[in-house]
Amino acid sequence: MLTLYRPDARGWHRLPAGPKTLLLLGLVTTVSLLPAAPAAPATAAGAAALCLACYAVPGTGWRELVRQIRALRWLMIIALAGQLIFLGLESAVVGTVRILAAILLAALLALTTPVAALLDLFERALRPARAIGADPERISLLLVVALGSVPTLARLAGEVRDAHRARGAGGGIRSSALAFIVLALKHADDLGDALTARGVR
């Protein structure tokens, strides 16, 4: 289900799942709250520098950062195109950089934490929700599945662009974005059917 985990015994891997999650959540929140204007270039540079620093920690490395960026490249192109429709070039670029930085920082949790540890962490954190009728096991499974879907969606985005190029199809990035949305929704339906077949309501 979750294909991002890279076993190691250094750096981020040594941190317990709970403190590591809070730290990465704080970093993602920081990136998300960086001002888009008037300091747009500084915002993009700050988000990029934060990612470089976090991936420079032993056990992950910049090679892994490059691998993650390559996996997300088509997803980011589609995100950039969607923002260009409504925003100027500078705001769209800064917004895309912030989205990419947030995803890369969140990916560190999946890269450095086993699936079993993530499930246990989420279940313990959500245990008080039983008082309002929530199911911590189902919610934690949903969160882990969401993390695991990031590389799948990135792969789908790349396949859409490759297919359009191979056919010489017109429509540009908007046509690719529409096809990607359709495939993403189909993936969500298939994933829901698979979970239902395994007894997950």
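Helix axes are taken here as lines fitted to C-alpha atoms over the stretch in contact, with angles running from 0 to 180 degrees between N-to-C directions. The structure is a predicted model, in which local features need pLDDT of at least 70 and side-chain atom pairs count only at pLDDT 80 or more, whereas totals for chains, interfaces and linings use all residues. Residues are numbered from 1 along each chain as its sequence is written, and side-chain values use heavy atoms, with hydrogens and water left out.

The secondary structure of the protein amounts to seven helices and zero strands, where helices (H or I, at least four residues) and strands (E, at least two) are DSSP runs numbered from the N terminus. Read from the N terminus, the order of elements is α-α-α-α-α-α-α. Of the 201 residues of the protein, 35% count as buried, the term buried meaning under 20% relative accessible area, exposed over 50% and partly exposed in between, with a 1.4 Å probe and protein chains only. Among contacts (heavy atoms within 4.5 Å) between residues at least 6 apart in sequence, 68% join residues at least 24 apart.

The axes of helix H2 (residues 40-55) and helix H3 (residues 62-86) come within 8 Å and cross at roughly 130°. H2 and H3 are therefore oblique to each other, given that angles under 35 degrees count as roughly parallel, over 145 as roughly antiparallel, 65 to 115 as roughly perpendicular and the rest as oblique. The crossing of H2 and H3 is right-handed, a term that applies if the near helix is turned clockwise from the far one by less than a right angle, with left-handed used if the turn is anticlockwise. At this crossing, Cys51, Leu52 and Tyr55 of H2 meet Trp62, Glu64, Leu65 and Gln68 of H3. By class, the contact of H2 with H3 has five nonpolar, one polar and one charged residues, where Ala, Val, Leu, Ile, Met, Phe, Trp, Tyr, Cys and Pro count as nonpolar, Asp, Glu, Lys and Arg as charged, and the others, Gly among them, as polar.

The axes of H1 and H4 likewise come within 8 Å, and they cross at roughly 175°, which makes H1 roughly antiparallel to H4. The residues of H1 that meet H4 include Lys20, Leu24 and Leu27, and their counterparts in H4 include Leu105, Leu108 and Thr112. This contact has eleven nonpolar, three polar and two charged residues. Thr21, placed in helix H1, is buried, with a relative accessible area of 18%; beyond residues up to four places away in sequence, Thr21 touches Leu109 and Leu121.

Trp12 lies in the segment before helix H1 (17-33) and, at 6% relative accessibility, counts as buried. Leaving aside neighbours within four places in sequence, Trp12 is in contact with residues including Leu23, Val57, Pro58 and Leu108. Trp12 and Leu111 are 99 residues apart in sequence, yet their C-alpha atoms are 9.0 Å apart in space. With neighbours within four places in sequence again set aside, Leu108 is in contact with Trp12, Leu24, Cys54, Tyr55 and Thr60.

A nonpolar core is defined as a set of buried Ala, Val, Leu, Ile, Met, Phe, Trp, Tyr and Cys residues joined through side-chain atoms within 4.5 Å. Of the 34 residues in the largest such core, Tyr55, Leu72, Leu104, Leu105, Leu108 and Phe180 touch the most other members. Two or more residues of this core come from each of H1, H2, H3, helix H4 (89-112), helix H5 (115-126), helix H6 (136-167) and helix H7 (172-197), and the largest share, nine residues, comes from H4.
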